[in-house]
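Morning, everyone. Please have a look at the structure on the screen, and then I'll walk you through it.

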Amino acid sequence: MPAVTVENPLVLPRVIAEPEAVARPVTKVVPAHHAVEGAGFEVWRPFPGGVDAHVADPFFLLDQLGPVEYAPNEPVGAPWHPHRGFETVTYIVDGVVEHHDSNGGGGIIGEGDTQWMTAGAGILHDEVPTEVFKRNGGRSHGVQLWVNLPARLKFTEPRYQAITSHDLTLLSSADGGALLRLIAGD
């Protein structure tokens, strides 16, 4: 079940293609491989590995986290680890994640929320289940995309930004057939 939805997408503003936009066909379908990360959470990762880095640039990692049904006291996360020179964008479909970082940033993101973490010059952080989620268990599902920063921003000051589901902009495709959740830009 999508975390943020609307009963009738036809009432939403429509995204209309720019006149100069060019439709591009799918050039490759990449199967995701299974990996275990952090303290043991499962991910499905199409790249790196399945796509040439030059084709995917500026994106260099895409993980689907779950979906997993955790029993009580079973949820796991990613304990303290470093990042530098890129951003992570995490969107939570189901469940909840608590983030802490070495700058004092962080917070809790849940269903329909997005977290942007700019590692920039370097940061230590963790992504773990909340105590309540760990105690109770439940469904966990999300996606995380790693975005390479341009050379001029590699040493930018690290920061954390949460975009809650209440702050998302919902849009509809031009034909009204697809619901779009805008998490960056206009």
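Start with one pair of side chains. Glu-37 and Arg-45 meet in a salt bridge, at 2.9 Å from N to O. Keep in mind that this is a predicted model. Which of the two is buried? Arg-45 is, with a relative accessible area of 10%. Glu-37 counts as partly exposed, at 29%. The pair also belongs to a network of salt bridges that links Glu-37, Arg-45 and Asp-63.

How many salt bridges does the whole structure have? A search finds four. Let's take Arg-139 next. Arg-139 bridges to Glu-69, with the closest N and O atoms 3.5 Å apart. Arg-139 sits in strand β11 and Glu-69 in strand β4, so this pair ties together parts that are 70 residues apart in sequence. Glu-69 is exposed, at 54% relative accessibility. Arg-139 is partly exposed, at 34%.

Arg-139 also meets Asp-94 in a salt bridge, at 2.9 Å from N to O. Asp-94 is in strand β6, residues 86-94, and the two partners are 45 residues apart. Asp-94 counts as buried, with 11% relative accessibility.

Now the strands behind these pairs. β4 covers residues 59-70 and pairs antiparallel with β3, residues 41-47, over three bridges. Trp-44 has Gln-64 in β4 as its bridge partner. β4 also runs antiparallel to β11, residues 138-148, and nine bridges join them. There, Phe-59 stands opposite Val-147.

Nonpolar side chains tend to be buried together in soluble globular proteins. Here the largest nonpolar core has eight residues, including Phe-41, Val-43, Leu-65, Val-68 and Phe-133. β3 and β4 are the elements that give two or more residues to this core. Which gives the most? β4 does, with three residues. Apart from this core lies another, of seven residues, among them Val-89, Tyr-91, Ile-163 and Leu-168.

Ala-78 is in the largest core too. Beyond its sequence neighbours, Ala-78 is in contact with residues including Gly-38, Phe-41, Asp-126 and Val-128.

Last, an open sheet. Four strands pair antiparallel in the order β5-β10-β7-β8. Neighbouring strands are turned by 20° against each other on average, direction ignored. β5 meets β10, residues 123-128, over four bridges. In that pairing, His-81 stands opposite His-125.

That's the tour. Thanks.

Key. Residues numbered from 1 in each chain as written. Predicted model: local features only at pLDDT ≥ 70, side-chain atom pairs only at ≥ 80, totals over all residues. Heavy atoms only, no water. Pairing = 2+ DSSP bridges. Core = buried A, V, L, I, M, F, W, Y, C linked by side-chain atoms within 4.5 Å. Buried < 20%, exposed > 50% of the residue type's maximum accessible area, 1.4 Å probe, protein only. Contact = heavy atoms within 4.5 Å. Axes fitted to C-alpha atoms, helices over the stretch in contact; angles between N-to-C directions. Salt bridge = Lys/Arg side-chain N within 4 Å of Asp/Glu carboxyl O. Lists of a residue's contacts leave out its neighbours within four places in sequence.
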